[in-house]
Amino acid sequence: MTRAAMLRTALVAVAAVAPIHVRRNEPPGPPARYGLGRPATAEEVRSWDVSVMPNGNGLPTGGGTAVQGAAIFRQTCARCHGPTGVEGPFDRLVGREPRQGFPFGRDASLVRTIGNYWPYSTTVYDYIHRAMPYDAPGSLKPNEIYSLVAFLLRRNEIIADTAVMNARTLPGVRMPARDRFVLDNRHGGREIR
Amino acid sequence: MLRRGALGQAATPSAPSRQLGASATALGARAPNERLARVVGGTLHEISLTPLQDLHGIVTPSDLHYERHHAGVPRIDPHAYKLLVHGMVDRPTVFDLSALRRFPAVSRFHFLECSGNGESAYRNMRRDQSPQLVDGLTSTSEWTGVSLATLLREVGVNPRATWFLAEGGDAGLMARSIPVAKAWDDAMIAYSQNGEALRPEQGYPARLLLPGWEGNTNVKWIRRLEFADRPFMTRDETSKYTDPLPNGTARMFSFVMDAKSIITFPAYPATLPDRGWWDVTGLAWSGRGRITRVEVSTDGGTTWSSAVLEQPVLSKCHTRFCFPWKWNGREAVLMSRATDETGYVQPTLAQLRAARGAGTRYHFNNIRAWHIAGDGSVTFGVGG
């Protein structure tokens, strides 16, 4: 073969394999799934899923009243939130705002409480279950939590003395600040909101 | 002269070049003269602030990254760590740490900022505040992890799921509802910060990272993602992290951190010992994308000039700006004003107060000021 012929052959060979080379140099596209992780067992989901939604999804069986809650509150909560949930030293839990019009945006001195600011009653259950008592989280049983929720709702003058809080009644409790919340309407651009 | 960097006294040889130096070490340490520290605050020591005035560039050293936690820093065994993903998904799945690290990794530089950062610039104009005390609840890191979109495909998220709950494994099981759209956009489960595993106070061994969104939503010690067709209304998205407005409403799910900037030098407690050229510098950032412009005023906001943006200028990341300034020795008020790629301009205090009211909480991104007195001392605010 002449040098020119050899070169021609080589070029044809390169041309023939080139598309394959190009394809080989590209990383493979991501698979639909990598097959990592393992299926969660029903028991794992059950024991970790603590969330309670405004419609009551996630609330356990059980129940309690403000009278039952008062005793538990005195014993396990009062040292941090005060005998009536007002005095502290930590977050004030009880208090209604006598003024009309939800004046939190105008008055920096207003303290937000369950009674004057929380839009959903189910959040009280969800949060106490997750996080309280602060130094012994996860130590309360459903009946105790329902009782504490009833106590706090009663102190905030939202439910009656005798009301039983349970998975059926709690989602139906309408909070004073329920209609005060609006979605974020900021979206960049020139306007300051 | 005390400029940037907190220089302390430490015993050093008078002629170090005439003395054999120290050996290599397994773990490096800061030069003994460099005294960098967070300031710890809160009645329960639940916050610590980054010393913005002592840092250069945009990356925050990991041990100086700000902290905010609601039930302390948990100690989590990385071998026992699990992330449970369930709810409206085809395949409820548990990922351990090695599974998370086996997915293709993504690395990105992003700022984090507590949405309560800078409240003192809105309400408490104490003059003896450093950038650390005013705005130290923000830091920038290079975060590495798995893109949340990858995990969504892995578990087969139901297209009707619009929200997911992100829950931490701390003593308060801190939880926030997040729109699924953010997961498809740029969210990640991060396990690394600045090249090494997350620090415990930053969520070790894994955290949610939502670029540009208020710090609290970037749930640390992430242990559970539950997909649903509505938000959960947790305590930290109702009682807290909602913004009362002057019209008798309160804004909820106010996720994005708007554009903001602060001059970090000259700033209290630094002083200008003499007139002449000084490099005014600081940080600017926006949760909506890139910073496109920073302007500096040396006359209290009457006139403004563009500052230089130092590279890199990254989306949803601290951006360093500088502005060479010849001080004539007279009283001056320095301010910075950031603009982001949406055209949003950092507002004045009056503008923000008009929109939000005196009593609002969170998202305090109004223009900050530093007063330079004739003797070169610098204090926070407009002075007078």
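Guide: Start with a term: a residue is buried when its relative accessible area is under 20%. The model is predicted. By that cut-off, the buried share of chain A, which has 193 residues, is 41%.

Visitor: How many helices and strands are there in chain A?
Guide: Read along the sequence, the pattern is α-β-α-β-α-α-α-α-α-β-β. The count for chain A is therefore, by DSSP runs, seven helices and four strands.

Visitor: What share of the accessible surface of chain A belongs to carbon and sulfur atoms?
Guide: The accessible surface of chain A is about 11,100 Å². The carbon and sulfur share of that surface is 57%.

Visitor: Is helix α6 of chain A mostly covered or mostly open?
Guide: α6(A) spans residues 122–131. Its buried residues include T122(A), Y125(A), I128(A) and A131(A).

Visitor: Which elements do the buried residues of α6(A) pack against?
Guide: Both chains take part. From chain A come α5 (114–117) and α7 (142–155). From chain B come β8 (163–168), β9 (175–179) and β13 (222–228).

Visitor: Which residues touch the most other members of the largest nonpolar core?
Guide: In general, nonpolar side chains tend to be buried together in soluble globular proteins. Here the largest such core has 82 residues. Its largest share, eight residues, comes from α7(A). The residues with the most contacts to other members are I189(B) and F227(B).

Visitor: How many residues are in the second, separate core?
Guide: Among its members are L52(B), A267(B), L272(B) and I372(B). The second core has 31 residues.

Visitor: What is F227(B) in contact with, leaving aside its neighbours within four places in sequence?
Guide: Contact here needs heavy atoms within 4.5 Å. Those that qualify for F227(B) include V85(B), H86(B), G87(B) and M88(B). The list also holds V89(B), L152(B), V157(B), A161(B), W163(B), F164(B) and V180(B).

Visitor: Is S239(B) buried or exposed?
Guide: S239(B) sits in the loop between β13 and β14 (243–244) of chain B. Apart from neighbours within four places in sequence, S239(B) contacts R112(A), Y117(A) and W118(A). Its relative accessibility is 3%, so S239(B) counts as buried.

Visitor: Which strands are at the edges of the open five-stranded sheet in chain B?
Guide: The strand order is β19-β18-β22-β23-β24, with antiparallel pairing. An edge strand pairs on one side only. The edges are β19 (305–306) and β24 (378–380).

Visitor: Which residue in β24(B) stands opposite W370(B)?
Guide: β23(B), residues 369–372, pairs with β24(B) in the antiparallel sense over three bridges. Opposite W370(B) stands F380(B).

Visitor: Which residues lie closest to the centre of the second largest pocket?
Guide: The volume of this pocket is about 350 Å³. Elements that each supply at least two lining residues are α2 (42–48), α6 and α7 of chain A, together with β13 of chain B. Of the 21 lining residues, the closest to the centre are R46(A), D49(A), V50(A), S51(A) and G58(A).

Conventions:
Residues are numbered from 1 along each chain as its sequence is written. Chains are lettered from A and ligands numbered from 1 in the order in which they are written. This is a predicted model: local features need pLDDT of at least 70, side-chain atom pairs count only at pLDDT 80 or more; totals for chains, interfaces and linings use all residues. Side-chain values use heavy atoms; hydrogens and water are left out. Buried means under 20% relative accessible area, exposed over 50%, partly exposed in between (1.4 Å probe, protein chains only). Two strands pair if DSSP finds at least two bridges between them. A nonpolar core is a set of buried Ala, Val, Leu, Ile, Met, Phe, Trp, Tyr and Cys residues joined through side-chain atoms within 4.5 Å. Accessible areas come from the Shrake-Rupley method with a 1.4 Å probe; for residues, only the protein chains shown count as cover. On a 1 Å grid over the protein atoms alone, a cavity is a set of points where a 1.4 Å probe fits but cannot get out, and a pocket is an open set with protein on both sides within 12 Å along at least five of seven lines; lining residues have an atom within 4 Å of a point. Grid points are joined across faces, edges and corners, and a volume is the space filled by probe spheres set on the points.
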